[in-house]
Amino acid sequence: MGIDLDAIEDEDSPFPEVRASVSNIDDPDMPAMTIRMWFVGLLLCMTSSALNVFFNFRSPAPTVVPLALLLISYPFGKFLAFSLPISTHRIPLPSLSPSVLPSSLPTFLHRLLHPLTYPHSIEFSLNPGPWNIKEHVLVYIMANVAIGNPYALNAIVVSEVYYGLKVEYWFSLVLVLATQLTGFGLAGLCRRFLVWPASMVWPQNLVACTLLNTLHAEDEDDPIGVPEPGEAGMIEKGSKRWSWWDRLLRRGRPMTRYRFFMILMLGSFFYFFLPGFLFEALSVFSFICWAAPDNVPVNQLFGVHSGLGMSILTFDWSQITWIGSPLMVPWWAQVHIFLGFVVFFWILTPILYYTNSWQLAYFPISANEPYDRFGEVYDVSKVLTVEDRFDLIAYENYSPLYLPATYAMTYLLAFALSTCVIVHTLLYHGYTLLNGLKRIRVEADDIHAKLMRNYPEVPDWWYASAFCVFFSLAVVAVEVWDTRVPVWALVLAVVLPVIYVLPSGFIYAMTGQGITLNILAQIIPGTLLPGNPLANMVFKAYSVQTLSEATSFVQDLKLGHYIKVPPRATFLVQLTATTLAAFVQVGVKTWIFANVDDICSPNQKSQLTCPHNQVFFTASAVWGLIGPSRQFGRGSIYHPHLYAIIVGAFLPLPFWLWQRRYPQSWIRWVSTPVILNGVSAIPPATGINYSSWFAVGFVFQYLIRKRNFAWWSKFNYVASAALDSGTVISLIVVFFTLQFPKSGKLAVEWWGNYVHEHSEWREDFGHKDDC
């Protein structure tokens, strides 16, 4: 159905964040599926996916992120638009001669076959015009779904290296394809709930849209955000300060988004050399620990690495954005998340720790590893036989597994969240779900949905078919190869993301914070299939990755919706890039393990020590061998954690009933799943990541937004993209030029690079509290 653009040109999104970031106009004739888009996108994505597989096995190592490819692809595309010939090529297609159709043919056959006698040709151009925003966003969508290291590779590597299993290339490929793309089909089936409604904002996409519009559609004459002459903040011409300001704004011209982006990106690029190399203490700014390095409680409360991070400040943007950009997440969500963090980790956790609940005081208050009864990091090898099977006698002689305080709190909140998010979704979004299942529009169309009607939608059966095909591949993987994973377990593994995709999507779309199934996907197979670590790993990889990929695919569908990319182009790009990347990623992994000596060993000469796979192995041994029944069953000190499942189910009820009784009360803004889920990054995140994140969010998302909305609407998301871009590029440059050479021995030796490493040894319990 056509759209009268003149009639709706003044329409815009009801949400100011979207209005500030997303264009409310579209050019349906703008080419998107161009040959140069495929060339740029596939070249960058396949190269980056191969590099990320290599980096995954190395420590330390950077990661090629989609934002970097968005920036690299812009000059690449501009260069191709400048250099490729502007011409249209035609390839004639064969056609039937009219003489081959006898006149005696029935009328309906004649009408059916007669069009085949017309001459047809395929037209294409290597250079259909300037490098445009739709081509650019399709390259970015490829990067989002294709360059990350496949989660299933962890299960494959652990099976080979630690459990001594022979894993074939084709099994690896089939398993990776299944885990990467089952979520693709699931994502498409959720469009009516998570993509089309205007209320599903997806804050991450606003930063990407702002950056794309800054690069492609900057209005040099837009005066928003710049004070007029005579207004507060305007420097009068002739003053000493005017010349600097005048040069910055190019002789009084308003600051444009593009210029603002370039200035801030360059500034953040050079600034990161301070916390990233020259003055590393700025990154871990635990100044109270520096003043009292021998005080154990001070280090526990204010330390960063194994403390609660109450120092509040950090001057490292990569630390501030550990849980997401504070310029992206809405203010109400930031309040929820920080409130939950303060209550659970700065109040409740110290109370539990210093009262020695669950024996917590014998271990670090915050750590990434479980511990044994001797206060040492749990040595999984001591409870395994030579065939890597669980040894019950050795386990009883050695030690149960103990959790640090922050880990114990994280598990407690995860159990509560598992039921809380489902009940909350049913209570607050029940009518939306019901209308969606009836194929009724869940919300009135906004301007972006109206403009998207110009393009044919992807039928639901395309996505349903993809879901069935890739689930069938998972069945083939566990049945053709001996994995000891029953099909019913695989069905259960896919049921989990099916149940949680909408609750997770609702929270992700409104807050920028997603839900992970990591804990549930380990406990369920550990309970149902005890003593089977491979089944535990396959179940976990399939369940966790399906939900993660589904969320990622939905996010990119919304990004295409904002930029007005034809839905079928997004479908094809996502499917093609992810499928080809799987072949590349599995091929690179196979080549590395066939040609690199001592891969994954602690002393590997190229530092290919597989740190992520070691963590995955420990989790598989703990949950697949030791099992959750020993960890949380009756008689375990952590058995009370299971009651959090019941508490979580009832937690949203009082808030829902109150807002039903008093609709205008502030209670209507309370979201219990956001409070519980927002702190799920701990560990490895610490308090300094949350406090600094909240402080920056308070400045931008509350103060500036409230006092100068015009400036905020024009520059807030540009600032987020610029700080992210400059920091990412600087981090990669620092790694390859200053850290990678000489195996990291090239360093600046001075107080600012080692003061944060001084800490107090707890000799009585044998562990360390780092500042």
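Helices (H or I, at least four residues) and strands (E, at least two) are taken as DSSP runs and numbered from the N terminus. The model is predicted, so that local features need pLDDT of at least 70 and side-chain atom pairs count only at pLDDT 80 or more, while totals for chains, interfaces and linings use all residues. Residues are numbered from 1 along each chain as its sequence is written, and side-chain values use heavy atoms, with hydrogens and water left out.

The chain contains 32 helices and four strands. Of its 771 residues, 54% are buried, where buried means under 20% relative accessible area, exposed over 50% and partly exposed in between (1.4 Å probe, protein chains only). Among contacts (heavy atoms within 4.5 Å) with a separation of 6 or more, 81% join residues 24 or more positions apart. The accessible surface of the chain is about 34000 Å², and carbon and sulfur atoms contribute 64% of this area. Accessible areas come from the Shrake-Rupley method with a 1.4 Å probe; for residues, only the protein chains shown count as cover.

Helix H12 covers residues 257-271. The expected span of a helix is 1.5 Å times one less than its number of residues. For the 15 residues of H12 this gives 21 Å, in agreement with the 21 Å between its end C-alpha atoms. The buried residues of H12 are Arg257, Arg259, Phe260, Phe261, Met265, Ser268 and Phe269.

Tyr271 belongs to a nonpolar surface patch together with Leu274, Leu278, Phe287, Ile312, Leu313, Phe315, Val748, Trp750, Trp751 and Tyr754. The accessible area of this patch is about 910 Å² in total. Patches are made of residues with over 30% relative accessible area and no salt bridge; like charges are joined within 9 Å, and nonpolar side chains (Val, Leu, Ile, Met, Phe, Trp, Tyr) within 5 Å. Asp316 lies in the loop between H15 and H16, but is buried, with a relative accessibility of 4%. Its C-alpha atom is 9.1 Å from that of Tyr271, 45 residues away along the chain. Apart from neighbours within four places in sequence, Asp316 has contacts with Phe272, Pro275, Leu282 and Ser283.

Aromatic pairs number 41 in the structure. Rings of Phe, Tyr and Trp (its six-membered ring) pair if their centres lie within 6.5 Å; planes under 30 degrees apart count as stacked, over 60 as edge-to-face and the rest as tilted. Tyr407 and Tyr411 form a stacked pair, with 5.8 Å from centre to centre and 25° between the planes. Both residues lie in helix H19 (residues 405-437), four residues apart, and are therefore separated by about one helical turn. Tyr407 is partly exposed at 23% relative accessibility, whereas Tyr411 is buried at 7%. One aromatic cluster is formed by Trp331, Phe338, Phe341, Phe345, Trp346, Tyr690, Phe694, Phe698 and Tyr702.

Side chains of opposite charge can pair when their charged atoms come close. Seven salt bridges are present in the structure, each defined as a side-chain nitrogen of Lys or Arg within 4 Å of a carboxyl oxygen of Asp or Glu. Arg705 and Glu17 are joined by one of these, with an N to O distance of 3.0 Å. Arg705 is in helix H31 (residues 687-707) and Glu17 in helix H2 (residues 16-19), so the bridge ties together parts 688 residues apart in sequence. The relative accessibility of Arg705 is 24%, which places this residue in the partly exposed class.

A salt bridge also connects Lys589 and Glu160, whose closest N and O atoms are 2.8 Å apart. This pair links distant parts of the chain, Lys589 in helix H25 (residues 567-595) and Glu160 in helix H7 (residues 152-161), 429 residues apart. Lys589 is buried at 3% relative accessible area, and Glu160 is partly exposed at 22%.

Glu457 and Arg191 form a further salt bridge (2.9 Å, N to O). Glu457 lies in the loop between helix H20 (447-451) and helix H21 (460-480), and Arg191 in helix H9 (residues 191-194), 266 residues apart. Glu457 is partly exposed at 29% relative accessibility, while Arg191 is buried at 3%. A network of salt bridges links Arg191, Arg192, Glu457 and Asp460.
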